[in-house]
Amino acid sequence: MSNSPITQVSESPITQVAQYSPGPDSPSGQAAFPSKLLLDLRGTRFEIDREVLVSLPESILIVMFPNGLILGRGHSDPYDDDDDNNSEESISLDDQIIFVDFDPACMDYVLDFYHEAQMAGEAQRLANPNAHLNNSSQHNLAAQNPLLNKQAIIVLREELDYFAVIPPKTGFLAKDDAPATGPVHADSSKVNVKTQCGTHLLEQRKIFTALQRNINKENNVAEQHLIDMLCVSGFSRDDEWGYRDIEPKKTSIVSIALVMLKTTGSGNQMATAQKLLLFWRKPARKCWWDGVEVELDQEENKLPIRLWARRTWTLELVLV
């Protein structure tokens, strides 16, 4: 739709299961796929169930594994041609470590929320008023509306790339204008500006502040409707990001917020929730530029900065 505030992300498989022969001790016809995987996230180890990993939001998996993840892939030694000793069962878990460039604090937040949602989903299934129906009837209802027997999570992720524009005649030492001994000072000053800009943005933890500012500037009705729908479905207008941090060695901030989808409440609550099912397994994206004026402390002076941020939101729904 032309007035939609978000754009659908094209579908692409993130995980695959490699086909290979079972080990000599495996039951006939069964591949020895590992039930647990060992991930190394920037030096922090996570032992995670394979099923839990593949159930994570698509928008997170594609960041963790931009080239895809081959599940069930055994360790291969380029110097060992003995296939009999190279089966999955003969390889220890430590030898199957998958290194992932992803913040372990973010993974902790996601996994903790998943556990909470699974507990809520189990309570929902036990309290389901249709639990007395026979299996066939329950299956038909669930097929028509999976929200009846599964807990849904709204996933909102923001990638923010920021740029600082220093107005002329501010007294800031530019590298090109610096004396012979000046470039080092100039470079360190620029790094300091970038660091302060990142810290300033990092402290802006309100989820909807920047988008609401953009709405007020452009009077975008579709974007306002997006905020209204999210706030009816589980978010509140003053919510903060559950996870927010600067990426190492980048002028980029990644933020994630997870909330459980509301399906009960006002008369049309379920109808609104079903609209968000459009984003189940189909993440959608919105990108916009946001510019603000800030003043940074620079050698006992205030340095005026035009701070530009390119914000990319990804909205997704997952069922647990």
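Is S59 buried or exposed? At 6% relative accessibility, S59 is buried, since the cut-off for that label is under 20%. Keep in mind that this is a predicted model. Here's a quick tour, starting with that serine and then moving on to a surface patch, a helix and a pair of loop residues.

**S59 and its surroundings**
- You'll find S59 in helix α2, which covers residues 58-64.
- The side chain of S59 makes a polar contact with the side chain of E316, at 2.7 Å.
- E316 also turns up among the residues that S59 touches beyond its neighbours within four places in sequence, together with V155, R157, P283 and T314.

**A nonpolar patch on the surface**
- Four residues, F163, V165, W289 and W308, come together as a nonpolar patch on the surface.
- Taken together, these four have about 380 Å² of accessible area.
- One of them, W289, belongs to strand β10, which runs over residues 284-298.
- How exposed is W289? Its relative accessibility is 43%, so W289 counts as partly exposed.

**Helix α8 and its buried face**
- Helix α8 spans residues 269-276, and its buried residues are Q269, T272, A273 and L276.
- Why can we say that they line one face of the helix? Looking down the axis of α8, the buried residues fall within an arc of 100°, so they sit along one face.
- The cover over these buried residues includes β7 (152-165), α7 and β11 (301-319).

**Two loop residues with positive phi**
- As background, most residues other than glycine have a negative phi.
- N219 isn't a glycine, yet it has a positive phi of about 55°.
- Where does N219 sit? It's in the loop between α6 (209-218) and α7 (221-233).
- N219 has a relative accessible area of 63%, so it counts as exposed; the cut-off for exposed is over 50%.
- K249 is another non-glycine residue with a positive phi, this time about 60°.
- The loop that holds K249 lies between β8 (243-246) and β9 (252-260).
- K249 comes out at 90% relative accessibility, which means that K249 is exposed as well.

Terms used:
Residues are numbered from 1 along each chain as its sequence is written. This is a predicted model: local features need pLDDT of at least 70, side-chain atom pairs count only at pLDDT 80 or more; totals for chains, interfaces and linings use all residues. Side-chain values use heavy atoms; hydrogens and water are left out. Patches are made of residues with over 30% relative accessible area and no salt bridge: like charges are joined within 9 Å, nonpolar side chains (Val, Leu, Ile, Met, Phe, Trp, Tyr) within 5 Å. Accessible areas come from the Shrake-Rupley method with a 1.4 Å probe; for residues, only the protein chains shown count as cover. A salt bridge is a side-chain nitrogen of Lys or Arg within 4 Å of a carboxyl oxygen of Asp or Glu. Helices (H or I, at least four residues) and strands (E, at least two) are DSSP runs, numbered from the N terminus. Buried means under 20% relative accessible area, exposed over 50%, partly exposed in between (1.4 Å probe, protein chains only). A polar contact is a pair of N or O atoms within 3.5 Å; within protein, one must be able to donate a hydrogen and the other to accept it, and residues adjacent in sequence count only if both atoms are side-chain atoms. Contact means heavy atoms within 4.5 Å. The arc is that of the directions from the helix axis to the C-beta atoms.
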